[in-house]
Amino acid sequence: MSASIQTLASSSEFVQFSVQNGLLLISLNRPKALNALDLDMAKAIAEQLTDLEHNPAIVAVMIEGLGGRAFCSGGDVRAVAVANGQGDGQFGKDFFWHEYRMNQLISRLTKPYIALCDGITMGGGIGLSVHGSLRVVSERLSLAMPETAIGLFPDVGSGYFLSRAPGQSGLYLALSGERFGAGDALYLGFAQAVVASADFAELKG
């Protein structure tokens, strides 16, 4: 009989944490914004990743996006733009500092980190996934780095991933913001496996 699910407290209303059988499940739950990552979400995820590294009860991490349309559509740059428009430049600095710190923590994890990328996975959503040990994508994947359309360079450490993509595909993705599907994700080296969206629930055990 499987162990019961333990729900962990979160400092963000848009991200949920639960533990079952040694697996920490991170669920992005901001469907109206296509699970766009805000400041509190980045802080909450970073806090959990910091705590679990030395927690023997947790052996792996899995992250998903709820709502049926997106894993994560990126960072909430709209909030940064609004803050800038109100003369608050510090908000943007805080947001990107905590987002990049979260990406760094993912990359340095010694435990398996599995991202379930079903649907829209863009910008900050790539940062939440590509630095982990395994990416599983669905046939509904829409992968892109659209930052250049708003005058921002491809960030969240994507330059490391894109510069290692075969041929000039990484450069094309970075400059064009073009959307790629599941097969392209395998070719790019972003994904290690494609699983039907309907079967994603089984991956969580």
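Predicted model: local features only at pLDDT ≥ 70, side-chain atom pairs only at ≥ 80, totals over all residues.

Student: What makes α2 roughly antiparallel to α3?

Tutor: The axes of helix α2 (residues 77-85) and α3 come within 7 Å and cross at roughly 155°. Angles over 145 degrees count as roughly antiparallel, and therefore α2 is given that description relative to α3.

Student: Why is α1 called roughly parallel to α3?

Tutor: Helix α1 (residues 39-52) and helix α3 (residues 89-108) have axes that come within 9 Å and cross at roughly 30°. Angles under 35 degrees count as roughly parallel, so α1 is roughly parallel to α3. The crossing of these two helices, α1 and α3, is left-handed.

Student: Which residues make the contact of α1 with α3, and how do they divide by class?

Tutor: On the α1 side the contact is made by L39, A42, K43, I45, A46, L49 and T50, and on the α3 side by F91, D94, F95, H98, E99, R101, M102, L105 and I106. The residues of this contact of α1 with α3 divide into 10 nonpolar, 2 polar and 4 charged.

Student: Turning to the sheet, why are β1 and β10 said to stand at the edges?

Tutor: The sheet is an open one of 7 strands in the order β1-β2-β3-β4-β6-β8-β10, with mixed pairing. β1 (6-8) and β10 (193-194) each have a single partner strand, so one side of each is left without a neighbour in the sheet.

Student: How do you know that β1 and β2 pair?

Tutor: Two strands pair if at least two bridges are found between them, and 3 bridges join β1 to strand β2 (residues 15-20), the two running antiparallel. Q6 stands opposite V19 in β2, and β1 and β2 form a hairpin with 6 residues between them.

Student: What joins β2 to β3?

Tutor: β2 and strand β3 (residues 23-28) pair in the antiparallel sense over 6 bridges, and the bridge partner of S18 in β3 is L25. The hairpin of β2 and β3 has 2 residues between the strands, and N21 there takes a positive phi near 55°.

Student: In which sense do β4 and β6 pair?

Tutor: Strand β4 (residues 60-65) and strand β6 (residues 113-117) pair in the parallel sense over 3 bridges, with I114 in β6 as the bridge partner of M62.

Student: Why is E147 called buried?

Tutor: Buried means under 20% relative accessible area, and E147 has 8%, so E147 is buried. E147 is found in the loop between β9 (142-144) and α5 (158-162), and, not counting residues up to four places away in sequence, E147 touches G123, G124, L152, F153, P154 and D155.

How values were computed
Residues numbered from 1 in each chain as written. Heavy atoms only, no water. Axes fitted to C-alpha atoms, helices over the stretch in contact; angles between N-to-C directions. Helix = DSSP H or I, 4+ residues; strand = E, 2+ residues; numbered from the N terminus. Parallel < 35°, antiparallel > 145°, perpendicular 65-115°, else oblique. Left-handed = near helix turned anticlockwise from the far one by under 90°. Contact = heavy atoms within 4.5 Å. Nonpolar A, V, L, I, M, F, W, Y, C, P; charged D, E, K, R; others polar. Buried < 20%, exposed > 50% of the residue type's maximum accessible area, 1.4 Å probe, protein only.
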